[in-house]
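This report describes selected local features of one protein chain. The sequence and structure are shown first.

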Amino acid sequence: MTSATNSLKELHQVLLQLEDCRSQLERGPSQIKARENIVRKREAEQAEFLDRLKHLRMSADSKSLELKTVEKKIEDLKGKLNSASSNREFDIFKAQIKADEMAMSVLEDEILEAFDQTETESNRKSEFEENVKSAKQQLADFKSKFDSDSIKNNEIIARLEEELKVLEKDLPKEPAEQYRRLVNSRGAKSMAAVLNGACGNCYVNLTPQQRIQIKSGPVQFCSNCGSILYIDENPEAD
């Protein structure tokens, strides 16, 4: 493999590493935002649960109060029953007591059901608390890791940019101008290794003569996609 090919391969590797580091920095804020959205979603779910639990308790308390009211009414009616002045009045009080006792029985069933629902839901409280806690912890952990990785990535980017400047100086003037235009528009995709006799970007096969020129001649561009080409395969495989 010629020194020119080695230089192009090294140049491409630096471009790929730069692109990867910059991509990690660019993706960070959106990944943080996504985790913040998860925290808000878990908090909303918890708030909805607590509101539902509150209404269940209020409903149970309301029915309990209503039951006490019915019980008091039945007691009053029984007192009036004993002091009824006529058979007709006695029958009216008795019928009312029977209706209220039926209503009381229904209320007692509803209260038991309400308390069962409240207890069942109350047992899930820790589940929602844990979901919120876990989401917040994942957000905090990611922010901490991203901050730490950002420092490292910025240091790596600074080093790679210096390496890139040195490597770019070795490019002949004419292809260097085309190279810079390609890099500005396509990044690391401006270059491609020739693997198994084909361009690594568009996969169009090269002729044996083209591969020889890439190895020994000036900088070559893919006739199909325009990428700067270099050989990255064993001589036997070429």
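## Confidence of the model

The structure is a predicted model. Its average pLDDT is 89, and 95% of the residues score at least 70.

Among the elements, helix H3 (residues 125-168) has the highest mean pLDDT, 95. The lowest mean, 83, belongs to helix H5 (residues 208-216).

## Glu 168

Glu 168 lies in helix H3. Glu 168 is buried yet has no salt bridge.

The side chain of Glu 168 does have a polar contact with the side chain of Tyr 179, at 2.6 Å. Apart from neighbours within four places in sequence, the residues in contact with Glu 168 are Leu 11, Tyr 179 and Arg 180.

## Aromatic pairs

How many aromatic pairs does a search of the whole structure find? There are 2. One is formed by Phe 49 and Phe 128, which are stacked with 4.5 Å centre to centre and 15° between the planes. This pair links distant parts of the chain: Phe 49 is in helix H1 (residues 3-82) and Phe 128 in helix H3, 79 residues apart. Phe 49 and Phe 128 are both buried.

Phe 142 and Phe 146 also form a pair; their ring centres are 6.3 Å apart and their planes lie at 5°, so the pair is stacked. The cut-offs behind this are 6.5 Å between centres for a pair and under 30 degrees between planes for stacking. Both residues, Phe 142 and Phe 146, lie in helix H3, 4 residues apart, which is about one turn of the helix. Phe 142 counts as buried because its relative accessibility is 17%, and Phe 146 counts as buried at 16%.

## Positive phi angles

Most residues other than glycine have a negative phi. Asn 196 has a positive value, near 55°. Asn 196 lies in the loop between strand S1 (191-195) and strand S2 (198-199), and its relative accessible area of 69% makes Asn 196 exposed.

Tyr 203 also has a positive phi, near 65°. Tyr 203 lies in the loop between S2 and H5. With 63% relative accessibility, Tyr 203 counts as exposed.

How values were computed
Residues numbered from 1 in each chain as written. Predicted model: local features only at pLDDT ≥ 70, side-chain atom pairs only at ≥ 80, totals over all residues. Heavy atoms only, no water. pLDDT = per-residue confidence, 0-100. Helix = DSSP H or I, 4+ residues; strand = E, 2+ residues; numbered from the N terminus. Buried < 20%, exposed > 50% of the residue type's maximum accessible area, 1.4 Å probe, protein only. Lys, Arg positive; Asp, Glu negative; His and termini not counted. Salt bridge = Lys/Arg side-chain N within 4 Å of Asp/Glu carboxyl O. Polar contact = N/O pair within 3.5 Å; in protein donor to acceptor, adjacent residues only side chain to side chain. Contact = heavy atoms within 4.5 Å. Phe/Tyr/Trp six-rings, centres within 6.5 Å; stacked < 30°, edge-to-face > 60°.
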